[in-house]
Amino acid sequence: MKKTMKKTLELSLLAGLIASSSAMAADTVTFQLDWLPGGDKAPIYSGIQQGFFEEVDIEVKIASGRGSTDALTKMATGQSDIGTSDIGALMAAKAQDDVPVTAVLPYFTQAPHAFFTVKGSGISSIKDLKGKKVATSPFTSSNAFLPLVLKQNGLTEDDIKLVKSDPGALSPMMITGNADAIIAWVTNTALFDAQTKEAGKELIEMPWSDSGLSLYSSTLLAADKFLEERPDVAKRFVKAYAKSIAFTYQYPDKAGADIHKMVPEVDAAIASAQLKSITGLVYNDVTEKDGVGKFSTDRIQQTWTYVAEANGLSADALDPTTAVTTDFLPE
Amino acid sequence: MNQTRPLKSWFAIQANRFAPLIFFVGLVILWELICTLGKVPNYVLPSPSAIITAFFNVEFSRWMGHLWATLRVALMGFILSILIALPLSIGMMRSELMNRILYPALIVIQSTPVVAVAPLIIVLLGTDDPSRVLITCLITFFPLVVSTTTGMLETPPEMIELSQSLRAPRYRETWQIRIPYAIPHIFSGLRVSITLAIIGAVVAEFVAAEEGLGYFIQFSTSFFKIPQAFSGLIFLSIISLLLFKSIQWIQMWLFPWSLPKKK
């Protein structure tokens, strides 16, 4: 009896020791997504599956979000340490209320907003939208930029009939002809394409970046508290995340499998198709000019100009460079 | 003349007995026919067969994982609201002052749309279970308080007078007279609350969750897998139905006397 008790005690001590030593070994970081898991969110999953975060001794916990502002709030209140969200939403939030969140690494260097329509709708360019019914979802950041992109094409908001609907209903509305065109992110292209094909139609995509709306979009942001209290962890994290982005777009099929392994609801094939269709948001003429993973002051300024105009903020409400730090970029 | 009657009534009895099932099956067949004959695409209204296929395309262990996540939160919120509602109603029944103070507050809580408050609760309490349980509890506890209080107040006044004339202490009056009289009311409150608990858990998952049937439905729509979303929805309503039924079973098991007498 005594012997077994001693043995149990020894075993539990040993277990405790193992548990505590493994807990001590890695730093835990909570990563915030700005939406549900999907192809465009693959880098964090690939980084974990490929061991990039393990290499730098970081254990990652992923939290899904429900939109840019939701993700920002969770980082600002310290529920998450770091994550991806729209830098435009950050700038707007910082201009109105000094949220303690800062951008640390660019991810999408082009805006993902786009119009979608099907062939036969009589629309082949943004200018053709005049008098047409366009559907959008109520909370997308695209809505703020809509007047700008219309203006760039010689239209005003009064020229189109804008209706709002649930994000899940947009594509069916477009296919059934309930709406002539819809507004969504190009991250959806692969999904929309599959659906329109199923209905025997052909998808037309009109990215807003093609018509002049050129700005930073989804960006790696971090809570100021995290950057101040654990700068070393933050630096290692950003390095591993940059590596994960590179891996994801170099091997989209592997990345699709990685995310499927961690979130079985995400279809690996759809995720890799999504990744392939959005490579242009990550690698493009901007990254060719400025370098991958580098912020350019001009483009930060340009992004803020668009964001300020879209949100009706005065241009001097924020010095946009304060929304960004380059201290944590990998050397 | 009465000879043919038993035969006729056998059909009548069977039809009557299976009426809910016949109605349900008929509805499903009609639905399938409309979808197939009307060539309704899956992304508009998926046919029952597409929904069933989608259901079996998801691994069983995933279903169980999501089910457990939702059920756990729903039941925790439900139990918490019972723990809050019962003492609260006893207090409100016994003290006029407490009733006057708390009732307006309760009505304010009930009339606040929890869906709108949910994101704030998440910010306050974090993205883990506590906030989800609180959201569920906020939705479920009001019907319980109302039904329990109503039940206790409906005790025949003669019974109360009798117990007072016998100098029974107040706790015995509450436990041995008022609560037993309130049992049928409490159980109808519980039946309403348990279905609300599932709704509460789903609302919470829509705001922040990594698992659960509500999350699964939201996830499926975000990937435009409409039949899969429907299968999650139907699974959810079956669970809701079972929980509703199980409250009835518990009442039958523990308080058979409190059920209305069958004719």
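Predicted model: local features only at pLDDT ≥ 70, side-chain atom pairs only at ≥ 80, totals over all residues.
**View 1. Chain A as a whole.** Chain A holds 15 helices and ten strands. Its radius of gyration is 22 Å, close to the 20 Å that the globule rule gives for 331 residues, so chain A is as compact as a globular protein of that length. The C-alpha trace of chain A spans about 85 × 50 × 35 Å along its principal axes. Of the 331 residues in chain A, 51% are buried. Take the contacts in chain A with a separation of 6 or more: 80% of them join residues 24 or more positions apart.

**View 2. The two domains of chain A.** Domain 1 of chain A covers 26–110 + 216–323, and domain 2 covers 113–211. The C-alpha centres of the two domains of chain A lie 25 Å apart. Where they touch, 18 residues of domain 1 are in contact with eleven residues of domain 2. Which elements give two or more residues to the domain 1 side of this contact? They are helix H5 (87–96), helix H12 (268–277) and helix H15 (297–311) of chain A.

**View 3. The sheet E2-E1-E3-E10-E4 of chain A.** This is an open sheet of five strands, and its pairing is mixed. Strand E2 (58–63) and strand E4 (101–106) of chain A are the edge strands. Each of these two pairs on one side only. Ignoring direction, neighbouring strands of this sheet are turned by 30 degrees against each other on average.

View 4. Strand E3 (residues 82–86) and strand E10 (residues 218–223) of chain A are paired in the antiparallel sense. Five bridges join them. Look for Ile82(A): its bridge partner in E10(A) is Ala222(A). Helix H5(A) packs on the sheet and touches E3, E4 and E10 of chain A. The direction of H5(A) makes about 90 degrees with that of E3(A).

**View 5. The sheet E7-E6-E8-E5-E9 of chain A.** Five strands of chain A form this open sheet, again with mixed pairing.

View 6. Strand E6 (residues 133–136) and strand E8 (residues 181–185) of chain A run parallel and are joined by two bridges. Ala135(A) has Ile182(A) as its bridge partner in E8(A). Helix H7 (residues 167–176) of chain A packs on the sheet, where it touches strand E5 (113–118), E6 and E8 of chain A. The direction of H7 makes about 150 degrees with that of E8(A). Helix H8 (residues 189–198) of chain A lies across E5 and E9 of chain A. H8 runs at about 155 degrees to E9(A).

**View 7. The largest nonpolar core.** This core has 152 residues. Which residues have the most contacts inside it? They are Leu90(A) and Ile182(A). Helix H9 (residues 170–207) of chain B gives the most to this core, with 13 residues. Domain 1 (26–110 + 216–323) and domain 2 (113–211) of chain A both give residues to the core, so it lies between them. Now centre on Leu90(A). Leaving out residues up to four places away in sequence, Leu90(A) touches Leu72(A), Ser85(A), Val101(A), Ala103(A), Leu221(A) and Ala323(A).

**View 8. Chain B, built from helices.** Chain B has eleven helices and zero strands. From the N terminus on, its elements run α-α-α-α-α-α-α-α-α-α-α. Its radius of gyration is 23 Å, well over the 18 Å that the globule rule gives for 263 residues, so chain B is more spread out than a compact globule. The C-alpha trace of chain B spans about 75 × 75 × 30 Å along its principal axes. Buried residues make up 33% of the 263 residues. Among contacts in chain B between residues at least 6 apart in sequence, 74% join residues at least 24 apart.

Methods. Residues numbered from 1 in each chain as written. Chains lettered and ligands numbered in written order. Pairing = 2+ DSSP bridges. Helix = DSSP H or I, 4+ residues; strand = E, 2+ residues; numbered from the N terminus. Contact = placed C-beta atoms within 7 Å. Axes fitted to C-alpha atoms, helices over the stretch in contact; angles between N-to-C directions. Rg over C-alpha atoms; globule rule 2.2 N^0.38 Å. Buried ≥ 20, exposed ≤ 12 C-beta atoms within 10 Å, placed from the backbone. Core = buried A, V, L, I, M, F, W, Y, C linked by C-beta atoms within 7 Å. Domains from an automatic or database assignment.
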